Amino acid sequence: MGKLTKWIILFIFILFCFWGINKLFYEEIADGRYTVEKKDISKVDNTYYIKLNQYKLKLPNKYYKKIENSSNDYNISYSYNTLFKKGEISYLEKYGASYRGN
């Protein structure tokens, strides 16, 4: 192998290590029951953000439409990267909406 190939392999290995460290130590993935209302949501440049716990998470439009004006409980799944200070909601449903009973 030439020197250039070794440097490329070393570079790729270092990037892989940084990605792994980021995934293991800086990314938080959580889901749970949270009380949310429209006042918790802000809009910046046609993008909605919601304050959940201490994190500001990106809220996709399809989930924004599900949130009611009054305070309600929702099942929410999200991921947040503390290194890059970015997060996004991956699932939102009103608590009890999926329950159908017997």
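Lys-23 has a relative accessible area of 39%, so it counts as partly exposed. The model is predicted, and it holds three salt bridges.

**Salt bridge Lys-23 to Glu-27**
- The side chain of Lys-23 meets that of Glu-27 in a salt bridge, with an N to O distance of 3.3 Å.
- Glu-27 has a relative accessibility of 25% and therefore counts as partly exposed.
- Glu-27 is also one of the residues that line the largest pocket.

**Salt bridge Arg-33 to Asp-73**
- Arg-33 and Asp-73 form a salt bridge in which the closest N and O atoms are 2.8 Å apart.
- Arg-33 lies in strand E1 (residues 27–36) and Asp-73 in strand E5, so this pair ties together parts that are 40 residues apart in sequence.
- Arg-33 is partly exposed because its relative accessibility is 48%.

**Salt bridge Glu-68 to Lys-94**
- A salt bridge joins Glu-68 and Lys-94, whose closest N and O atoms are 3.2 Å apart.
- This pair links distant parts of the chain, 26 residues apart: Glu-68 is in the loop between helix H2 (61–64) and E5, while Lys-94 is in strand E6 (residues 86–94).
- Glu-68 counts as partly exposed at a relative accessibility of 33%.
- Lys-94 is partly exposed as well, with a relative accessible area of 32%.

**Asn-72**
- Asn-72 belongs to strand E5, which spans residues 72–81.
- The relative accessibility of Asn-72 is 17%, and the cut-off for buried is under 20%, so Asn-72 counts as buried.
- Apart from neighbours within four places in sequence, Asn-72 is in contact with Tyr-34, Thr-35, Val-36 and Lys-94.
- Lys-94, one of these contacts, is the residue that forms a salt bridge with Glu-68.

**Largest pocket**
- The lining of the largest pocket consists of Glu-27, Tyr-49, Lys-56, Lys-58, Ser-79, Tyr-80, Asn-81, Lys-85, Lys-86, Gly-87 and Glu-88.
- At least two lining residues come from each of strand E4 (55–59), E5 and E6.
- By class, the lining residues of the largest pocket divide into six charged, three polar and two nonpolar.
- The charged lining residues include Glu-27, which is paired with Lys-23 in a salt bridge.

Conventions. Residues are numbered from 1 along each chain as its sequence is written. This is a predicted model: local features need pLDDT of at least 70, side-chain atom pairs count only at pLDDT 80 or more; totals for chains, interfaces and linings use all residues. Side-chain values use heavy atoms; hydrogens and water are left out. Helices (H or I, at least four residues) and strands (E, at least two) are DSSP runs, numbered from the N terminus. Buried means under 20% relative accessible area, exposed over 50%, partly exposed in between (1.4 Å probe, protein chains only). Contact means heavy atoms within 4.5 Å. A salt bridge is a side-chain nitrogen of Lys or Arg within 4 Å of a carboxyl oxygen of Asp or Glu. On a 1 Å grid over the protein atoms alone, a cavity is a set of points where a 1.4 Å probe fits but cannot get out, and a pocket is an open set with protein on both sides within 12 Å along at least five of seven lines; lining residues have an atom within 4 Å of a point.
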